[in-house]
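Good morning, and thank you for making time for this presentation.

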Amino acid sequence: MPEIRRVLCWIFGGGAGKGRRSAGMEREAREMVEMLRAILASIDEGIHAVDRDGITIYYNDAVARLDGLDPQEVIGKHILEVFPSLDNGTSTLLKVIETGERIPDLPQMYTNYRGNKVHTVNTTLPIVSGGKLVGALEVAKDLTRLKELNEKLIDLQAQVVGVEKKALGKKKSPIEARWTFEQILTQDKSMLLLKELGARAATTSSPVLVFGETGTGKELFVQSIHNASPRRSKPFIAQNCAALPASLLEGLLFGTVKGSFTGAENRPGLFELADGGTLFLDEINSMPLELQAKLLRVLQEGIVRRVGDTKVIEVDVRVLAATNQNPILAIEQGHLRSDLYYRLNVVSLHLPRLSERPNDIRLLVRHFIEKFNRKFGLQVIDVTPEVFDRFHSYEWPGNVRELEHAVEGAMNLADGPYLRMEQVPWHIREGNFAGKAEGGISLPHGVRPLREVLDQVESALIEQAMRETGGNIQQAAKLLKVPRQTLQYRLTKVDKKS
């Protein structure tokens, strides 16, 4: 934050300091200010700065689009003159000028100059120059579309629950859960044991934590647990914790009351909608830590408190959670609270990679061929022995989901009863994996140019680190022990090659 404030002082506070400067230094300072202004004008976040008297001194195009105004209508005018719906008590910019304290991540909803509702998350900062408060700056992230979509989702789920309650008396039917244990195809001993354990766990109301890489079938297991449980006739609601910023996720999970923040309305959260049923929280390791603490309280006490409310609501919800990152690693890296992990990990199911259950590949390939025969009106019988050998030796980093997509892609090109090698996606066709080296890195077959092999191993390490950290570049860089900028550059190189 000190670095940001120094930059803001250059732009809005009249320079980096006072004293004698040469003409060259003055010119460089002006050029620097113009460059920084150009950078701020090009970013997506809205930026609004006022001086200590509340007069707007900077107003970029992004915030102008949010407010439905032209920057020239705002710059040089007092904030209350341009936004008469605000006052000294509701304007965050004026509050920061008065108190000198930052206001971080504040959700806001307002009606702009054109009459459109706008949802933002704002961070407001004091601008300090020479040890004195000279103004305030607000950074606004537009969440209007995302907020609208999530409110529609909640409304639709509430309507479905209401309609089903009306149609079935006091019973509700599942909203989304379609899979059962019988539909999970496997002949692998470890998977058969997991199905048996999952079926046993389904009879209770204890939390379950499912851990597995992307594409291993975590949601299939979760839905199967719900459908095998006494709650099968009650709601099943799924929410990906990585899909929303913290400010929206909290209201989505726990609900909101009118007046809790600007524009907030009385809305039930997913816990209330799932009452009596099951709430599936995917990528739980991506949930902000402060929300993890609130989730832990709900699990322990069985009550929720809507955002901004003082009263509590009792709920009867079974929480099933999943993570694509090793939970112990997630705890070590600060992504998952250890107390929440121990509370969720009452029943733990660790789904293996597809490469760890090779005997299932033939079974799954035939299943997917039958599926796409029905969908595409084809009569494909099987894959050629060459294709099967390649499928059997390939590492399947995307697991069962990648295998399904590979079969679907090949069947789009099918011209006979057997899927041939040239119809298989190129990255699988060219992979030619023979086995795994220590640490899970796949090595190519035969002697190859050293630079080519090193590039492949580097790409595999980066891919593995990104998978284990759930796509978090900062954490992946720490895992690989390289600077974040280096990893960002390497990822760009990999993208260009692909």
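Helices (H or I, at least four residues) and strands (E, at least two) are taken as DSSP runs and numbered from the N terminus. This is a predicted model, in which local features need pLDDT of at least 70 and side-chain atom pairs count only at pLDDT 80 or more, while totals for chains, interfaces and linings use all residues. Residues are numbered from 1 along each chain as its sequence is written, and side-chain values use heavy atoms, with hydrogens and water left out.

I begin with two backbone features. Most residues other than glycine have a negative phi. Glutamate 283, although not a glycine, has a positive phi of about 50°. Glutamate 283 sits in the loop between strand 8 and helix 12. Its relative accessible area is 17%, so glutamate 283 is buried (under 20% relative accessible area; exposed is over 50% and partly exposed in between, with a 1.4 Å probe and protein chains only). Tryptophan 396 is also not a glycine, and its phi is positive, near 50°. This residue belongs to the loop between helix 16 (385-393) and helix 17, and tryptophan 396 is buried at 1% relative accessibility.

Next, the nonpolar cores. A nonpolar core is a set of buried Ala, Val, Leu, Ile, Met, Phe, Trp, Tyr and Cys residues joined through side-chain atoms within 4.5 Å. The largest has 34 residues, and Phe271, Leu281, Ile284 and Met287 have the most contacts inside it. At least two residues of this core come from each of helix 10, helix 11 (270-273), strand 8 (278-282), helix 12, strand 11 (318-323) and helix 14 (338-344). Another core, of 24 residues, lies apart from it and includes Phe372, Trp396, Val400 and Val407.

Which residues does isoleucine 284 contact, leaving aside its neighbours within four places in sequence? With contact meaning heavy atoms within 4.5 Å, they are Leu209, Cys241, Gln292, Leu295, Ala321, Ala322, Thr323, Leu336, Leu340 and Leu344.

I turn now to helix packing. For helix 10 (residues 246-254) and helix 12 (residues 289-301), the axes come within 10 Å and cross at roughly 10°. These two helices are therefore roughly parallel to each other (angles under 35 degrees; over 145 is roughly antiparallel, 65 to 115 roughly perpendicular and the rest oblique). Ala246, Leu249, Glu250 and Phe254 of helix 10 meet Glu290, Leu291, Lys294, Leu295 and Val298 of helix 12.

The second pair is helix 15 (residues 360-376) and helix 17 (residues 399-412), whose axes come within 9 Å and cross at roughly 45°. That angle makes helix 15 oblique to helix 17. Among the residues that make the contact are Phe368 and Phe372 of helix 15, and Val400 and Val407 of helix 17.

Finally, helix 9 (residues 218-227): eight of its 10 residues are buried, so helix 9 is largely enclosed by the rest of the structure. The buried residues are Lys218, Phe221, Val222, Gln223, Ser224, Ile225, His226 and Asn227. They pack against helix 8 (189-201), strand 6 (208-211), strand 7, strand 8, strand 11 and strand 12.

Terms used: Axes are lines fitted to C-alpha atoms, for helices over the stretch in contact, and angles run from 0 to 180 degrees between N-to-C directions.
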